[in-house]
Amino acid sequence: MQRESIDELERAALAGNWGAAASLGLRYLTGTDVAADPMRGIALIEQAAGSGDADGAYLAATIASTSFWRPRNWQAALDHLRHSAELGHEAAGTALQILAAGPEGGRGANGDWGAVRETIDLGAWFAPSEPRLLGEAPRIQVLEQFVPPAVCEWLITQARGGLARATIYDKSTGGTTEDGRRTNSQCDLDVAVGGVLTFVIRARISAITGRQDAAMEVPKVLHYRPGETFAEHYDYLNPDEPAYARELEVRGQRTDTFLIYLNDDYSGGETHFPELGISHAGATGDALLFSNVDADGKPDERTRHAGLPPTAGEKWLFSQWIRQFPRN
């Protein structure tokens, strides 16, 4: 379907089409087909939310849960999420129920969406259990049942419609490119897709790593069909490659990798560290955290790893890279 032009959205928004206003706001927020103007984008989205648009309320909730454009406000995020659910937004309602059930995946609250919202204890989400050490140098840690299965199902559902061929860094340009060494697909959980629940997960990761949300890259959901792989590689950026110089200056090194296994009904598909003799495949909801640099902050070649191909079934992962410096 052809995407509406900015001019068409502007006219529709002026005529009181709040769905168009929310879409236009997202374009200004992300700089898609128009010069980025985040404050105007947020104003349009919040106007749409206040006028009863479910998508606008969902986007307003996501914006409030970030610290990208203004200080994070979790309570406002939950209020917008409740409003979106009341307006019939399915993903919002599911996310509210998941958050109310807690990180242990207990039984969610019954009743209207307001009652569900009032039972949410974000403090419990921001206090994950201690990890188990899998390797000391480089440091590799396992966090069992980091998120409940319902979170994993929600992430897969959010990502399924946005999958595209996964890419790698292009050392000749500093951008990204498709490459035969990586044949799986991915979906960026950006502000348009991620939702409040994604930022709750990031806050949970922050509690474990001690790294602020602003140091995290856009998270991704990765999908591997049988035979698809990400061949042996490093997650750090090679400082000897000139194309990475500006990236390293602005955001610093990619110091840590955090993976959440979103399903376990497949064979093969391990995360394999050939230098260390470690292969790991977590149960649904388990997480794997490993450092890409040594104790001095230098790239650690022992972290070379591969996403081995599933031999049967499909593999889903949540992937979060963490940088040395927070974004400005």
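Let's start at Glu-86, which forms a salt bridge with Arg-82, their closest N and O atoms being 2.9 Å apart; a salt bridge here is a side-chain nitrogen of Lys or Arg within 4 Å of a carboxyl oxygen of Asp or Glu. This is a predicted model, in which local features need pLDDT of at least 70, side-chain atom pairs count only at pLDDT 80 or more, and totals for chains, interfaces and linings use all residues. Residues are numbered from 1 along each chain as its sequence is written, and side-chain values use heavy atoms, with hydrogens and water left out.

Both Glu-86 and Arg-82 belong to helix 5 (residues 74–86), four residues apart, about one turn of the helix. Helices (H or I, at least four residues) and strands (E, at least two) are DSSP runs, numbered from the N terminus. Glu-86 is partly exposed at 44% relative accessible area, and Arg-82 is partly exposed at 22%. Buried means under 20% relative accessible area, exposed over 50%, and partly exposed in between (1.4 Å probe, protein chains only).

Now follow the chain to Glu-217 and Arg-254, whose side chains meet in a salt bridge of 2.9 Å, N to O. This pair links distant parts of the chain, 37 residues apart: Glu-217 sits in the loop between helix 10 (195–209) and strand 7 (220–224), and Arg-254 in strand 9 (residues 254–261). Glu-217 is buried at 12%, as is Arg-254 at 5%.

Our last pair is Glu-275 and Arg-304, with closest N and O atoms 2.3 Å apart in a salt bridge. Shared partners also join Glu-217, Glu-247, Arg-254 and Arg-323 into one salt-bridge network. Across the whole structure, the search finds 22 salt bridges.
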